[in-house]
Amino acid sequence: KKMTMPWLRQASANSTAAADRQPRKRRGPSGTPDIRKGILDASEYLFATQGFAATSIREIAERVAVNPAMVHYYFGSKKKLLQAVMEQVLEPMAGAVAKVEQRGDLPVRELTRLLFSMAADQPYLPQLITREVFLPGGELQSEFLQRFAPRLGGRLPGMLRREQREGRVAPDVDPQIMSLLVLSLCFFPFIARPVAEAALDVRYDAPGLRSLAEHVMGLLERGLRWCL
């Protein structure tokens, strides 16, 4: 029986709407523009779509309709701005993964749903991490490995070993390798979106994301129960 996944409706709306537009100016509780958040959102978009090195402070400022000095006022430098962008998107993810880890069990569907929804709800994140963490010379590779990797994907091997001890994951599953595969299946579809849509006719609207999530969850459930 298929799961109903209301989380995908919002994630799909965010992913679809954000894919082809620049960030809008954010407003704070009083209705006045939230300049800091607007700068972060514009930077995330530009760093992900054209790269850190190719993006200037002036270009970011123009997206938010502020003076470049305002960007320096809030963040000090472009490198610190990139660090703040990564914190904005990765800290909530690290907290969510920690909550799942604290549970006594690890339902495969729940973990997959969590990771998949994170990628769908942050449509620029996979591109940003690919550019600035995974590729050689990535601006934040070292910092990501120190600050975020242990609290994100780095938690998965221990969680899978616990599930093996409880008999819910096959004993011949390699926790390190399987962790890499779990992350790949959840995040790569969003990195490959332009090619997947054009060459494979994969849909990224709400029905398409539901189907994609079901396939990923089903594949991982079977793989974790039977491996070699």
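Predicted model: local features only at pLDDT ≥ 70, side-chain atom pairs only at ≥ 80, totals over all residues.

Residues are numbered from 1 along each chain as its sequence is written, and side-chain values use heavy atoms, with hydrogens and water left out.

**Confidence**

- The protein chain has a mean pLDDT of 83, and 85% of its residues reach 70 or more; pLDDT is the predictor's confidence in each residue, from 0 to 100.
- The pLDDT is below 50 over residues 1–10, a stretch with 17 contacts in the model beyond near neighbours in sequence (contact means heavy atoms within 4.5 Å).
- Residues 27–32 also have pLDDT below 50, and this stretch has 6 contacts beyond near neighbours in sequence.

- Two packed helices are described by the angle between their axes and the distance between the axes.
- Axes are lines fitted to C-alpha atoms, for helices over the stretch in contact, and angles run from 0 to 180 degrees between N-to-C directions.
- Helices (H or I, at least four residues) are DSSP runs, numbered from the N terminus.
- Helix 5 (residues 78–102) packs against helix 7 (residues 125–134) at about 125°, and their axes are 12 Å apart.
- That angle makes helix 5 oblique to helix 7 (under 35 degrees is roughly parallel, over 145 roughly antiparallel, 65 to 115 roughly perpendicular, and the rest oblique).
- The crossing of helix 5 and helix 7 is left-handed, meaning that the near helix is turned anticlockwise from the far one by less than a right angle; clockwise would be right-handed.
- From helix 5, Leu82, Val85, Met86, Val89, Leu90 and Met93 meet Leu125, Leu128, Ile129, Glu132 and Val133 of helix 7.
- This contact of helix 5 with helix 7 has 10 nonpolar, no polar and 1 charged residues (Ala, Val, Leu, Ile, Met, Phe, Trp, Tyr, Cys and Pro count as nonpolar, Asp, Glu, Lys and Arg as charged, and the others, Gly among them, as polar).
- Helix 2 (residues 35–50) and helix 7 have axes that come within 8 Å and cross at roughly 60°, which makes helix 2 oblique to helix 7.
- Helix 2 also passes helix 7 in a left-handed crossing.
- Here Glu44, Phe47, Ala48, Thr49 and Gln50 of helix 2 meet Leu125, Gln127, Leu128, Arg131 and Glu132 of helix 7, a contact of 4 nonpolar, 3 polar and 3 charged residues.

**Helix 6 and helix 12**

- Helix 6 (residues 108–121) packs with helix 12 (residues 206–225) at about 140°, with axes 9 Å apart.
- That makes helix 6 oblique to helix 12, and the crossing is right-handed.

**Salt bridges**

- The count comes to 11 salt bridges, each a side-chain nitrogen of Lys or Arg within 4 Å of a carboxyl oxygen of Asp or Glu.
- Asp41 forms a salt bridge with Lys37, with the closest N and O atoms 2.8 Å apart.
- Both Asp41 and Lys37 lie in helix 2, 4 residues apart, about one turn of the helix.

Technical notes: Helix = DSSP H or I, 4+ residues; strand = E, 2+ residues; numbered from the N terminus.
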